[in-house]
Amino acid sequence: MPKKILAIIFVLLLAIGISAKDLMLADIPIWYGKERFAERIEDRVAGARKPIGLVLSGGSARAFAHIGVLRYLEEMGIVPDFIVSNSMGSIVGLLYAAGLSPDQILEITSSTSLETLFDLTLPLKGGLLDSSRFLERISSILGRDLRLEDLEIPIIVTAEDIVTKRQIYICEGDFYTVMVASFALPVYFPPVSYHDHRLIDGGITNLVPVGIAGEFTDSIILSTTFYENEELDLNNPVTILNVSIDISKRRRGIEEMKALSDSFIWIRNDVESISFMEFAKVLYLQEKGYEAAKAQSEALGRLKRGYSISSFAKKREKLDEAIQIAEREYATFEHLCRFDDSQMLGIGIWSSHGSGVRPYLIDDMTLGVSYTASKRDLSVEINGGFAFNWVRSGHMRSVPAMKTRLYCYFLNHWRAAVGGGVFYDARGKGFLFSYNGLLEGRYPIGEIVDFGISQTFEGLYNYQNSKYVDAFPESTYLAASTVTIELPKLRWLEKGLVDVAYQAYGDYRHVRSFLNAHGSMKIRDPFAGIYLEGQSSARFALDDKGDVPLFISDRFRTNHDSLVSQGHDLTVSSNSSKYLAVVNLGLGYQPVSYRPTFAEMFLFEDSRVGVFADLLFNGDFFFSVGLEVETTISLLGITELGVLLYGGLDWASKYPIWGVYFTVTH
């Protein structure tokens, strides 16, 4: 027995000794590919000059300023011999190291809607956002098989390992694994597996890793994007947490800068007041970076040049072709071809207005748990949770629901989709079934307009008379063949669209046909923020009968039951007019630069407040007037939910009316 006790004590002491040894290694980084990295630098300079190192700091959206810095450096004929980066600075650094020019990086980032590249997911792997579509977007340009040690310019990406609690300096490995690890901000993105490590954003502990560059040269260009915002709410607990993290990583970066103060040219980008979520300001940010680099032209001019920019010419020509091909595949529907079997369990937020096709029979939002499976140009999605139909105060419903849809994209300009939903109305003690289909093609006509053609089909099976939808009896369907012309966004014109549709509305026993013309336009003063918008819809009966139906897409806000249900029951006649026209007018104020944040997590964009007037003509005249407020709520600036709240007077029913519209892009 004493021998067993002694053995146990010995093992415990040994474990404590090993643990203490590991603890004392916490300040020693782990390198991957250092020797090969140093050899590549030596090959570039051949002992004839000092290597030029470029350090790109983190800073989330502010790191887009580095694009402008690179643009000015190339104008000066300066190509770095190596790059050191972390966090968002690594995205710019990796793209540049892979051979892309600053202008090409700018083209990619400015033409991409970030909200289409990141998905809300259940945090089963440690993060709320899935970045696989972002990586697909990059790989569609650079190719799938890419490694750090093969890039045009040697690069070191820093990360933190939550297993060993040590810094990881990465000079080799899979390009996309390293890229996603570089911005794996805890909680928002899951840790990334690399060898035996679980990596997170290296900017968590050091925003400016200039000390690494100092190991290889004393000729360093340092581009920083610190954060200084005097308007932060320091009583908010989340803001306090963010600031406390910023204190330590800023302090570490400043310590390294002081230690190497004679070794670098400091390009301090004037973007320090910009929120880290302002990804939409890429053009502004890169311009500020260009200006900051230009301010250091004298110091930069004294650097001894090495590699010529012309050495990248052939590579960039090929990348230009790849960008154009990828853009053609992405631009029409912002779709990405998925080569790997992709499956994801996430947070599903769907809205009827998010697909780019106007709904006629049902307008709601569904919040729940979603499952998505994608392969190449096919995508299957299932969302189970609660559906919210809050469009009008006289008919607000929330019911359990499950929805599904399947998308297929083909020929770059076409997509087909089928879907359906099951709703349980506990109040009406009945089920409601919905089903829909879509075939759509879109083609740009030069740079003038976009031309679209679509065939849509919507149906409701309401045999138990669920009250979740407005006045649609039993089985109802609407098929629409539509031709659309959409104008490009111009300086004053924010949107402009005209379409004409042939509509067939029926209940499988009777069918009626209509011609529908629709148009919408919004103009806004880009300086004062005053906007004027209008939408009109005119529907004409082709069967020479009255009772032209009012649909949700007409956007006439009313609680007048006879108007809401007009023409829905094909066996009932109540209005002899052979047409129905709706005009929606809005006038208000949309601040140009007002983008408030909450706790540095949620960004409120495109906020506006205004008055509205809805006019309806169907032989009689009705109108509604009121006030509406709209904003887009963005998580970290990369996933969005649009919310419009309105309230006013419905003259048709002589009662107040209010409601909520949700818009989620999918």
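## A residue in a loop

Ser 653 lies in the loop that joins strand 27 (639-650) to strand 28 (655-663); strands are DSSP runs of E with at least two residues, helices are runs of H or I with at least four, and both are numbered from the N terminus. Ser 653 has a relative accessible area of 15% and therefore counts as buried, a term that means under 20%, with exposed over 50% and partly exposed in between (1.4 Å probe, protein chains only). Apart from neighbours within four places in sequence, Ser 653 is in contact with Asn 559 and His 560, where contact means heavy atoms within 4.5 Å.

## Basis of the model

This is a predicted model, in which local features need pLDDT of at least 70 and side-chain atom pairs count only at pLDDT 80 or more, while totals for chains, interfaces and linings use all residues. Residues are numbered from 1 along each chain as its sequence is written, and side-chain values use heavy atoms, with hydrogens and water left out.

The chain is divided into domain 1 (11-329) and domain 2 (333-665), with bounds that come from an automatic or database domain assignment. Taken over C-alpha atoms, the centres of domain 1 and domain 2 are 41 Å apart. At the interface, 35 residues of domain 1 are in contact with 30 residues of domain 2.

Domain 1 and domain 2 bury about 3100 Å² between them, with 62% of it on carbon and sulfur atoms; buried area is the accessible area (1.4 Å probe) that two parts lose on being put together, summed over both. Glu 115, Leu 120 and Met 277 provide 22% of the area that domain 1 buries against domain 2, more than any other three residues. Across this interface the rule finds zero salt bridges, defined as a side-chain nitrogen of Lys or Arg within 4 Å of a carboxyl oxygen of Asp or Glu.

## Nonpolar cores

The largest nonpolar core has 89 residues, of which Phe 134, Leu 142, Leu 151, Phe 175, Met 179 and Ile 221 touch the most other members. Such a core is a set of buried Ala, Val, Leu, Ile, Met, Phe, Trp, Tyr and Cys residues joined through side-chain atoms within 4.5 Å. Helix 4 (residues 87-97) gives the most to this core, with seven residues. Both domain 1 and domain 2 contribute at least three residues each.

A second, separate core of 28 residues includes Val 469, Leu 478, Tyr 505 and Ala 652.
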